[in-house]
Amino acid sequence: MSGLSTPSTLPLPRLRPWLLLGVPVLLLVAYLVLMDNGAVSQAGTYLHELMHDGRHLLGVPCH
Amino acid sequence: MVRTLLVRGLLLGLVAGLIAGAFAFAVGEPRVESAIALEEAAAAPAGHADHDHDHDHGAVVSRPVQKAGLFLATGLYGLAVGGIFALVYAGLRGRVGPRSEGGLGLAAAGVAFVAVILVPFMKYPANPPAVGDPETITGRTLLYVVMVLVGLAATAIAVATARQVGAGPWARWAAAVAAFLVPVVAAWLLLPTVDEVPEGFPATLLWEFRLASLGTQLVFWAAFGALFGWACDRAARVPKAAPVAAA
Ligand SMILES: [Zn+2]
């Protein structure tokens with residue numbers, strides 16, 4: 001473990017735009033995979049059924 | 001730098017998601033199949049044609065496609081979770097937790113598993129198809145999300161508490177664990193219990209399914225934590241190794 005550089009802190013102002021943009025988009029993806037029951041659209045119903053086994057095995061509530 | 005971390009999180013999350021998908025396919029799918037077989041058997045006398053949650057008979061998505069969809073689900077889940085993890089990690093780096101990159105990555109993945117997976121699982125464990133009333137799906141989903149938020153909030157409280165206590169590592173650990181457990185146990189006791197296991201559903205199948213489900217998440221977080229930590233350590237070593245290689 002020699003030669004490891006100590007981690008530098010990233011200044012929060014530089015991090016903020018990434019958090020504000022990235023986290024909501026990624027949360028939306030997670031929501032579509034795990035939680036959506038076709039409430040958003042007909043495509044939602046299809047996605048729900050397509051990823052059905054994954055939802056059950058990832059441990060989120062399903063039918 | 002943030003972009004590098006984000007890309008790393010997305011890619012390694014996808015890889016870990018596919019590894020977890022392979023575990024779920026091998027260990028979990030047989031249990032899902034058994035549960036669906038029981039569901040169909042129970043529905044058959046009542047009327048074969050239409051029941052709410054058609055798992056087969058040319059429903060919206062056929063069973064073989066659902067099995068392939070398992071990998072899409074775990075892969076996308078890994079991608080999203082890995083990306084969020086990397087952005088949070090970018091903020092934590094050098095501020096809290098272990099000083100070494102790999103150590104922080106692994107520790108953060110372990111904490112995330114406990115807070116986001118284990119805490120909700122203990123209250124609202126995973127259920128196979130045929131267990132759970134379709135009518136209550138929205139309520140159950142909300143309760144589940146509340147439990148995830150409780151796990152995250154308890155983690156934040158634990159970290160803040162540990163930083164306040166300066167008296168040696170043991171006191172800090174004890175304070176952190178206590179501060180974590182108080183809100184979590186309170187939520188376990190106060191939130192409503194969901195018990196929708198149908199009469200006569202085999203207990204062994206339910207248990208095996210739940211283990212397979214928890215195992216899927218454990219495989220994901222172990223694989224992701226190890227890969228992410230390893231990649232961060234490797235990247236941290238490059239700046240010092242490069243001039244040597246060039247010479
Ligand atoms: Zn279902």
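Start with chain B and select residues 70–92, 104–122, 142–161, 173–191 and 211–231, the spans that UniProt lists as "transmembrane region" in an unreviewed entry. UniProt positions follow the numbering used here, feature names are shortened, and annotations may be inferred rather than shown by experiment. The model is predicted: local features need pLDDT of at least 70, side-chain atom pairs count only at pLDDT 80 or more, and totals for chains, interfaces and linings use all residues. Residues are numbered from 1 along each chain as its sequence is written, chains are lettered from A and ligands numbered from 1 in the order in which they are written, and side-chain values use heavy atoms, without hydrogens and water.

**Stop 1**

Keep residues 70–92 of chain B selected. This span is 100% helix and 0% strand, with its end C-alpha atoms 32 Å apart. Helices (H or I, at least four residues) and strands (E, at least two) are DSSP runs, numbered from the N terminus. Now go to residues 211–231 of chain B. Here, too, the span is 100% helix and 0% strand, and 30 Å separates the end C-alpha atoms.

**Stop 2: chain A**

Switch to chain A. It has 3 helices and 0 strands, in the order α-α-α along the sequence. Of its 63 residues, 48% count as buried. Buried means under 20% relative accessible area, exposed over 50%, and partly exposed in between (1.4 Å probe, protein chains only).

Select residues 15–34 of chain A, which UniProt marks as "transmembrane region" in an unreviewed entry. The stretch is 100% helix and 0% strand, and its end C-alpha atoms lie 27 Å apart.

**Stop 3: helix H3 of chain A**

Pick A:Gly54 in helix H3 of chain A. A:Gly54 is buried, at 0% relative accessible area. Leave aside neighbours within four places in sequence, and A:Gly54 is in contact with B:Leu70 and B:Ala73. Contact means heavy atoms within 4.5 Å. Draw a distance to A:Val23, 31 residues away along the chain: the two C-alpha atoms are separated by 22 Å.

Next, click A:His56, also in helix H3 of chain A. Its relative accessible area is 1%, so A:His56 is buried. What does A:His56 touch, not counting residues up to four places away in sequence? In chain A, the partners are A:Cys62 and A:His63. In chain B, they are B:Ala126, B:Asn127, B:Pro128, B:Pro129, B:Phe209 and B:Ser213.

**Stop 4: a salt bridge between chains**

Stay in helix H3 of chain A and show the side chain of A:Asp53. It forms a salt bridge with B:Arg63, with the closest N and O atoms 3.0 Å apart. The pair crosses between chains, from helix H2 (residues 63–92) of chain B to helix H3 (residues 52–58) of chain A. A salt bridge is a side-chain nitrogen of Lys or Arg within 4 Å of a carboxyl oxygen of Asp or Glu. A:Asp53 is buried at 0% relative accessible area, and B:Arg63 is buried at 6%.

**Stop 5: salt bridges within chain B**

The structure holds 7 salt bridges over all chains. Select B:Glu101 and B:Arg93: their side chains meet in one, at 3.1 Å from N to O. Both B:Glu101 and B:Arg93 are buried.

Then select B:Glu196 and B:Arg140, whose closest N and O atoms are 3.2 Å apart in a salt bridge. B:Glu196 lies in the loop between helix H5 (168–190) and helix H6 (203–246) of chain B, and B:Arg140 in helix H4 (residues 137–164), so the pair ties together parts that are 56 residues apart in sequence. B:Glu196 is partly exposed at 24% relative accessibility, while B:Arg140 is buried at 9%.

Finally, select A:Asp53, B:Glu29, B:Glu33, B:Arg63 and B:Lys67 together. Salt bridges that share partners join these five residues into one network.

**Stop 6: a helix pair in chain B**

Show helix H3 (residues 101–123) of chain B with H5(B). Their axes are 10 Å apart, at an angle of about 35 degrees. Axes are lines fitted to C-alpha atoms, for helices over the stretch in contact, and angles run from 0 to 180 degrees between N-to-C directions.

Select B:Val114, B:Ala115, B:Val119, B:Met122 and B:Lys123 in H3(B); they meet B:Phe180, B:Val184, B:Ala187 and B:Trp188 in H5(B).

**Last stop: a loop residue**

End at B:Ala130, in the loop between H3 and H4 of chain B. Its phi is near 85 degrees, a positive value in a residue other than glycine. B:Ala130 counts as buried, at 18% relative accessibility.
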